[in-house]
Amino acid sequence: MNPKVSVVVPVYNEEAVLPALFARLYPALDALGTSYEVVFVNDGSVDRSAALLREQFQKRPDSTRIILFNGNYGQHMAIMAGFEHCRGERVVTLDADLQNPPEEIAKLLAKMNEGYDYVGGVRLERQDTAFRRNASRMMNAIRERITRIRMTDQGCMLRAYSRTIVDAINGCREVNTFIPALAYTFAERPAEIEVAHEERPAGKSKYSFYSLVRLNFDLVTGFSAMPLQLFSLTGIVISLLSIAFVVFLAIRRLVVGPEAEGLFTLFGLAFFLIGITLFGIGLLGEYVGRIYEQVRQRPRYLIQAILEREDAVSELPKQRQI
């Protein structure tokens with residue numbers, strides 16, 4: 001018998017947070033009054049995260065499943081592995097850092113009961129630095145204009161998916177993807193609700209500035225060809241302006257005479273055009289790189305081991321060791 005709810009939790013070097021996560025997650029799920037499973041995906045942690053997950057499996061084998069990667073493949077690949085192995089009718093993704101409280105899962109599931117097939121969380125009061133909040137707002141605005149995907153808070157991974165959406169995502173074999181956006185494209189009735197956001201109790205964010213830039217590149221290039229189209233339009237406009245400028249210089253030479261002081265202007269225009277060209281080559285390289293990674297058809301991740309009990313479906317809430 002499959003559980004009603006699956007909770008997928010990617011884990012990467014969260015040794016300091018996992019005990020607190022276990023202590024809050026399981027009581028929150030017990031309070032739902034329905035069967036559930038928790039699928040932890042260890043994304044190549046180099047601390048004691050894997051050992052703590054094994055211990056938790058031994059305590060709660062009825063409702064706990066552990067997927068151990070043989071290396072670090074990234075948060076979204078960890079979630080993909082969870083999606084491919086979970087069995088619930090509804091699937092909730094939750095970060096392991098406890099910034100999204102597990103107690104908020106009930107709110108997402110209650111929203112799904114209203115007939116929605118995909119419910120995204122929107123962090124009510126973000127406990128992040130001002131730089132990350134402002135950068136997130138800016139990237140949200142740019143992403144929405146380019147991809148037409150309307151997610152108020154793309155960085156919030158506390159989200160609930162119907163089994164239909166999860167199966168559709170599993171049918172995609174993309175090497176690089178952004179799961180919340182992919183789910184939005186498949187959803188018939190998506191919705192968003194506000195959820196609480198807390199300070200990280202221990203450890204630090206695994207997303208560096210470079211990682212966030214790469215993630216947004218994947219998001220934009222994976223769901224829209226508009227950047228290439230915009231670059232093509234920019235090239236057309238610059239070409240027309242260049243022609244007009246050449247005509248202007250020719251007329252000026254005939255009327256005023258040769259000019260000796262235009263060197264720095266030409267340098268400025270040349271550097272500007274070179275910059276535009278290099279940006280376009282880099283942008284084109286992003287798309288070609290995605291094609292290259294896709295056509296190689298290498299495994300997206302390798303699983304070292306899976307800890308599970310075949311009949312692992314929790315019963316209704318009762319006293320359990322956590």
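I call a residue buried when its relative accessible area is under 20%. The model I am reading is predicted.

**Overview**

I started with the whole protein. Of its 322 residues, 44% are buried. I looked up the secondary structure next and found ten helices and eight strands. The exposed surface comes to about 16,800 Å², and carbon and sulfur atoms supply 60% of that area. Residues 24 or more positions apart account for 83% of them.

**The cores**

In soluble globular proteins, nonpolar side chains tend to be buried together. I went looking for such groups here. The largest nonpolar core holds 35 residues. Val9, Leu21, Leu25, Phe40 and Ile105 have the most contacts inside it. Which elements give two or more residues to this core? I listed four strands by name: E1 (5-11), E2 (36-42), E3 (64-69) and E7 (190-195). The largest share, six residues, comes from H1.

The remaining contacts of phenylalanine 40 include Val9, Val11, Leu21, Phe22, Leu25 and Tyr26. Leu53, Thr64, Arg65, Ile66 and Ile67 are also in contact with Phe40.

**A helix pair**

Two packed helices are described by the angle between their axes and the distance between the axes. I looked up both for H3 (residues 75-85) and H6 (residues 163-170). Their axes come within 10 Å and cross at roughly 115°. The crossing of H3 and H6 is left-handed. Which residues meet there? From H3 I found Met80, Phe83 and Glu84. From H6 I found Arg163, Val166, Ile169 and Asn170. The residues of this contact divide into four nonpolar, one polar and two charged.

**Glutamate 194**

I moved on to strand E7, where glutamate 194 has its place. Is glutamate 194 buried, exposed or partly exposed? Its relative accessibility is 48%, so it counts as partly exposed. Glutamate 194 touches Glu104, Lys107, Val122 and Leu124. Valine 122 is 72 residues from glutamate 194 along the chain, yet their C-alpha atoms are separated by 4.6 Å.

**Two positive phi values**

Most residues other than glycine have a negative phi. Asparagine 13 has a positive phi of about 55°. Asparagine 13 lies in the loop between E1 and H1. Leucine 98 has a positive phi of about 65°. I located leucine 98 in the loop between strand E4 (90-93) and H4. Is leucine 98 buried or exposed? Its relative accessible area is 3%, so leucine 98 is buried.

**Glutamate 310**

My last stop was the segment after strand E8 (303-307), which holds glutamate 310. With 65% relative accessibility, glutamate 310 counts as exposed. I also checked glutamate 310 against proline 61. The two are 249 residues apart in sequence. From C-alpha to C-alpha they are 9.7 Å apart in space.

Conventions:
Residues numbered from 1 in each chain as written. Predicted model: local features only at pLDDT ≥ 70, side-chain atom pairs only at ≥ 80, totals over all residues. Heavy atoms only, no water. Core = buried A, V, L, I, M, F, W, Y, C linked by side-chain atoms within 4.5 Å. Buried < 20%, exposed > 50% of the residue type's maximum accessible area, 1.4 Å probe, protein only. Contact = heavy atoms within 4.5 Å. Axes fitted to C-alpha atoms, helices over the stretch in contact; angles between N-to-C directions. Left-handed = near helix turned anticlockwise from the far one by under 90°. Nonpolar A, V, L, I, M, F, W, Y, C, P; charged D, E, K, R; others polar. Areas by Shrake-Rupley, 256 points an atom, 1.4 Å probe, with all protein chains shown as cover. Lists of a residue's contacts leave out its neighbours within four places in sequence.
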